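Please keep the sequence and the structure in view while reading.

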Amino acid sequence: GGLKVFTGTPTIGSSSPLTTYTDNNFYTQAEFDKVRWFRVTAGMRFDNWVTNAQPGNGFPLGSELTALNLATAQFTANPGPLGSVAAALPSFVGIAAGTTALNTNRNAVTYNIGIVGRFPFGINPYFRWANSYREPGITDRYLLRNFTPNLGGLASLVIPNTDLKPEKGKNYDVGIKISQRHFNFSLGYFNNEITDLLVFGTSPTYCVPANPAVGLPGGFAGGCGAVVGNTLGVSINARINQAVNTIKGFESTGEVAIPLGSLGSLNPFFSLGSLHGTNGSPTAVQLTQLNVIYNRSNTPIKLTGSAADFPLGNITPFRIFSGVQYLDAKGRIFAEYNWRHQNRVTRADPAQFVGTALINYGSFASTNAIDKHSIKGGYNWKNEKYKFSINAGVDNITDKLFWEHFQNATASP
């Protein structure tokens, strides 16, 4: 009934089983272009995904499996948001014990259609609709790995979820593009509805007896009682399906070429996007987390959200990349200044800010606004036989410390 018990010493091996993925597919795309004022495109794709995971390949690693074995009883009794992962553990038993293989065989049909208008003055309105399919990857289904080895008596495990469903979506976007000799502009709105989105979930931290013999030293002090030196904290993380989700927003780009006669040209440009993500099926645990830390004045950062508009994780609310480029008349010399800005994140999965194993300074700093300024330039020369170029630049010229959103390590010193 239980997982295979590892009794030897740690050995070199693999964090996933011997796995093959095969996608047999065919697709067709058609275009109707017989009417002056618009063009229609449509397509269809059929995929047959066949996957197979065999025991062997040095899987699983001994210390990782030992940590999971130590925490299995507590995890099964209190899995937090990972109830589907706990339910899938029996199907992992066979492959971990080296006795059975796991297989999937799924068919998927996806479609797309688009209409583009062709109006005078380079004005092109458009509408596109498509559905999508994403098969869970090898590491989504089968990875067993400890990402905090020998770190203060803490094991942060990523474990398999062999019962993952494929991610499916329905998407549309509508907008307009304008193209002139010295001017290009686009503005569009999109709406993506995603079913069974593949996301990471994290369990509570479980306190178990340490096992130094297989590389699992104790010392975890996270509420595990007085005998800290003999205690290991185990946090379990895994991919799960999030039932109903929506990502919507707008995008825009623009570029202008300003002629400077014999001096060349000056070319201002920008691209921007605004996103809003909603988890339409939050769990009771997620709602409790939101109610604890959101819409309060005494938290380190301002967090806003509600049960009716539950924040979807890893969404940057607004970003813009803009600048100006100079080109000389012969196209040999260029110089560019650009600026990248991202708004502060105030809507994020509340699980990012609770728990024991995943919280650090970067969890909060990675929600800060970003402003990065850069300059670069260069010289290019070529003839029929030779080409020469030299380029130089300075990135983040203000030398300002920043984190990329949702990354716990700094992006710039």
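In this predicted model, helix H4 covers residues 284–293, and its buried residues are Gln 286, Gln 289, Leu 290 and Ile 293. Seen down the axis of H4, these buried residues fall within an arc of 100 degrees, so they line one face of the helix. The points below continue with H4 and then turn to other parts of the chain.

- An α-helix has 3.6 residues a turn, so residues three or four places apart point the same way.
- On the face of H4 turned away from the buried side lie the exposed residues Ala 284 and Asn 291.
- After H4 comes Asn 295, which has a positive phi, near 55 degrees.

**The chain as a whole**

- The protein chain contains 5 helices and 17 strands.
- The C-alpha trace of the chain spans about 80 × 55 × 50 Å along its principal axes.
- The chain has 413 residues, of which 39% count as buried.
- Among contacts in the chain with a separation of 6 or more, 71% are between residues 24 or more positions apart.

**The packing of helices H1 and H2**

- Helix H1 (residues 62–77) packs with helix H2 (residues 83–97) at an angle of about 130 degrees, and their axes are 11 Å apart.
- That angle makes H1 oblique to H2, because angles of 65 to 115 degrees count as roughly perpendicular and those over 145 as roughly antiparallel.
- The crossing in which H1 passes H2 is left-handed.
- H1 contributes Leu 65, Leu 68, Thr 72, Phe 75 and Thr 76 to the contact, while H2 contributes Val 85, Ala 86, Leu 89 and Phe 92.
- Sorted by class, the contact of H1 with H2 has 7 nonpolar residues, 2 polar residues and no charged residues.

**Backbone features**

- Most residues other than glycine have a negative phi, and most peptide bonds are trans.
- The peptide bond from Phe 59 to Pro 60 is cis, and its omega is near 0 degrees.
- Pro 60 is placed in the loop between strand S2 (38–54) and H1.
- Asp 196, a residue other than glycine, has a positive phi, near 60 degrees.
- Asp 196 belongs to strand S8 (residues 183–209).
- Asp 196 counts as buried because its relative accessibility is 16%, and the cut-off for a buried residue is under 20%.
- Asp 399 is not a glycine either, yet its phi is positive, about 55 degrees.
- Asp 399 is found in the loop between strand S15 (387–394) and strand S16 (402–403).
- Asp 399 has a relative accessibility of 59% and therefore counts as exposed, for which the cut-off is over 50%.

**Glycine 137**

- With a relative accessible area of 23%, Gly 137 is partly exposed.
- Gly 137 and Tyr 21 are 116 residues apart in sequence, and their C-alpha atoms are 8.7 Å apart in space.

Notes. Residues are numbered from 1 along each chain as its sequence is written. This is a predicted model: local features need pLDDT of at least 70, side-chain atom pairs count only at pLDDT 80 or more; totals for chains, interfaces and linings use all residues. Side-chain values use heavy atoms; hydrogens and water are left out. Buried means under 20% relative accessible area, exposed over 50%, partly exposed in between (1.4 Å probe, protein chains only). Helices (H or I, at least four residues) and strands (E, at least two) are DSSP runs, numbered from the N terminus. The arc is that of the directions from the helix axis to the C-beta atoms. Axes are lines fitted to C-alpha atoms, for helices over the stretch in contact, and angles run from 0 to 180 degrees between N-to-C directions. Angles under 35 degrees count as roughly parallel, over 145 as roughly antiparallel, 65 to 115 as roughly perpendicular and the rest as oblique. A crossing is left-handed if the near helix is turned anticlockwise from the far one by less than a right angle, and right-handed if clockwise. Contact means heavy atoms within 4.5 Å. Ala, Val, Leu, Ile, Met, Phe, Trp, Tyr, Cys and Pro count as nonpolar, Asp, Glu, Lys and Arg as charged, and the others, Gly among them, as polar.
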